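Hi,

Here is the structure I promised to pass on to you.

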Amino acid sequence: MAILKVARLGHPVLRQIAEPVPLEGIGAAAVQQLIDDMIETMIEYDGAGLAAPQVHVSKQIVVFEVEGNPRYPKAESIPLTVLINPKITPLTTDMEEDWEGCLSLPDLRGKVPRYTQVRVEAYDRKGKRLNYVAKKFQARVAQHECDHLIGTVFVDRMRSLESLCFLREFQRYQIGEPADRD
């Protein structure tokens with residue numbers, strides 16, 4: 001496995017619509033290696049999730065997991081999930097605005113409205129069809145990662161850029177953590 005380079009905002013791959021993975025190709029060694037490398041990269045950078053375009057691969061693959069993540073210490077646990085060719089459908093009109101960050105926009109945070117309950121349809125890494133309901137934080141993570149597959153980043157979803165801030169200021173003024181001296 002390998003730690004992959006993460007594309008940062010401004011790289012064209014982050015604004016492209018990702019290509020679907022052919023169903024007969026899911027088991028291919030290259031696809032399976034990419035999934036393993038994405039998982040390792042996500043863990044290395046303490047991400048809650050990662051989409052293939054974020055590692056310069058324009059394919060419809062996302063991974064996410066939250067378990068004892070230092071960037072999300074109070075977040076509910078989410079088991080390791082691999083979604084291939086995902087489709088997200090809102091199941092409610094209820095939206096909640098909460099803070100998000102992104103490995104492709106390092107050191108930035110902003111408040112983003114997301115549906116509180118969505119249906120997730122996809123294939124797992126073995127080609128098995130998935131169809132389940134995600135709620136609350138898991139719904140937020142799934143929507144955030146799947147947005148990368150349509151060339152959208154979290155700042156595009158913000159209602160106002162007034163909450164956009166650097167991580168250090170977010171920690172200091174939004175969650176009340178002590179910050180290093182200026």
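This is a predicted model: local features need pLDDT of at least 70, side-chain atom pairs count only at pLDDT 80 or more; totals for chains, interfaces and linings use all residues.

Residues are numbered from 1 along each chain as its sequence is written, and side-chain values use heavy atoms, with hydrogens and water left out.

**The sheet.** Five strands form an open sheet in the order β1-β2-β3-β6-β7, and the pairing is antiparallel. Strands (E, at least two residues) and helices (H or I, at least four) are DSSP runs numbered from the N terminus, and two strands pair if DSSP finds at least two bridges between them. The edges belong to β1 (49–51) and β7 (129–135); each has a single partner strand, so one side of each is left without a neighbour in the sheet. On average, neighbouring strands are turned by 40 degrees against each other, direction ignored. Angles here run from 0 to 180 degrees between N-to-C directions, with axes as lines fitted to C-alpha atoms, for helices over the stretch in contact.

Helix α1 (residues 29–44) packs on this sheet and touches β1, β2 (61–66) and β3 (78–90), its direction making about 35 degrees with that of β2. Contact means heavy atoms within 4.5 Å.

Strand β6 (residues 117–123) is joined to β7 by seven bridges. Gln-117 has Lys-135 as its bridge partner, and Ala-122 stands opposite Leu-130. Five residues lie between the strands of this hairpin, where Gly-127 takes a positive phi near 85 degrees.

**The histidine.** His-148 sits in the loop between α2 (136–147) and α3 (154–157). Is His-148 buried or exposed? It is buried, with a relative accessible area of 1%; buried means under 20%, exposed over 50% and partly exposed in between, with a 1.4 Å probe and protein chains only. Leaving out residues up to four places away in sequence, His-148 touches Leu-14, Gln-16, Ala-51, Pro-53, Gln-54, Cys-102 and Val-153.

**The cavity.** α2 also gives the most to the lining of the largest cavity, with five residues.

Enjoy exploring!
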